[in-house]
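Hello,

Here is the structure I promised to pass on. Please open it first, then read my notes below.

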Amino acid sequence: MATERNSRTTTAGLGRYEIDPDASTVAFRCRAVFGLVPVRGTFTVRSGTVDVAEPLADSRIRAEIDTASFHTGNRRRDDHVRSPDYLDAARHPLMTFVADQVSVSAVAGALTVCGVRRPVRLAVTQADATADALSVRATTRVDRTAFGITTARGMTGRWLDVTLDIRCARR
């Protein structure tokens, strides 16, 4: 365990934490229109748990992301991305991430989008913990075509750079 400094550590206490959807976000950025136009947006985390174990490698994480929450500030684009052409939010209301490898610097697991499951590795860039809470920032790059989302190649960015800001409380 890390040494406490002002009641904050970089290692969470053992046990189950629940992700706070109101304090957590999934932000992304990509480039569209043949790489010329930057696009930024967010998804809402619906729910999730973090089970911190000893050793840390035995910890587990599960998170659910609401596909209908896709938001870039452009209603027409947002509605189209939620449609069957992309995320098909009506048939696939959730994206899920399940981690099976956890370390201080990385989290590896499987992301399921539109019923397609692929491995994903997140780099942990910041972690803070108190006796009853933890917060983590992690980043990754996702290839949408790996999940079968191939609409509008060239016009729609293939790669999404994702930043997760997750806040959890012990339950």
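**Cysteines, salt bridges and a pocket**

The count of disulfides comes to zero. Keep in mind that this is a predicted model.

Start with the cysteines. A disulfide is a covalent bond between the sulfur atoms of two cysteines. Cys30 is in no disulfide. A disulfide needs the two sulfurs within 2.5 Å. Cys30 is buried, at 13% relative accessible area. Cys114 is buried too, at 17%.

Next, the salt bridges. Side chains of opposite charge can pair when their charged atoms come close. The structure holds twelve salt bridges. Here are three of them:

- Asp161 pairs with Arg29, with the closest N and O atoms 4.0 Å apart. Asp161 is in strand β9 and Arg29 in strand β2, so the pair ties together parts 132 residues apart in sequence.
- Asp66 pairs with Arg46, at 3.7 Å between the closest N and O atoms. Asp66 is in strand β4 and Arg46 in strand β3, 20 residues apart. Asp66 is buried, whereas Arg46 is partly exposed.
- Arg82 pairs with Asp79 at 2.8 Å, N to O. Both lie in helix α1, about one turn apart.

Shared partners also join Arg29, Arg141 and Asp161 into one network.

Last, the second largest pocket. Its space is about 200 Å³. The lining has 15 residues, and Cys30 is among those nearest the centre. Five lining residues are nonpolar, four polar and six charged.

Best wishes

Notes: Residues are numbered from 1 along each chain as its sequence is written. This is a predicted model: local features need pLDDT of at least 70, side-chain atom pairs count only at pLDDT 80 or more; totals for chains, interfaces and linings use all residues. Side-chain values use heavy atoms; hydrogens and water are left out. On a 1 Å grid over the protein atoms alone, a cavity is a set of points where a 1.4 Å probe fits but cannot get out, and a pocket is an open set with protein on both sides within 12 Å along at least five of seven lines; lining residues have an atom within 4 Å of a point. Grid points are joined across faces, edges and corners, and a volume is the space filled by probe spheres set on the points. Ala, Val, Leu, Ile, Met, Phe, Trp, Tyr, Cys and Pro count as nonpolar, Asp, Glu, Lys and Arg as charged, and the others, Gly among them, as polar. Buried means under 20% relative accessible area, exposed over 50%, partly exposed in between (1.4 Å probe, protein chains only). A salt bridge is a side-chain nitrogen of Lys or Arg within 4 Å of a carboxyl oxygen of Asp or Glu. Helices (H or I, at least four residues) and strands (E, at least two) are DSSP runs, numbered from the N terminus.
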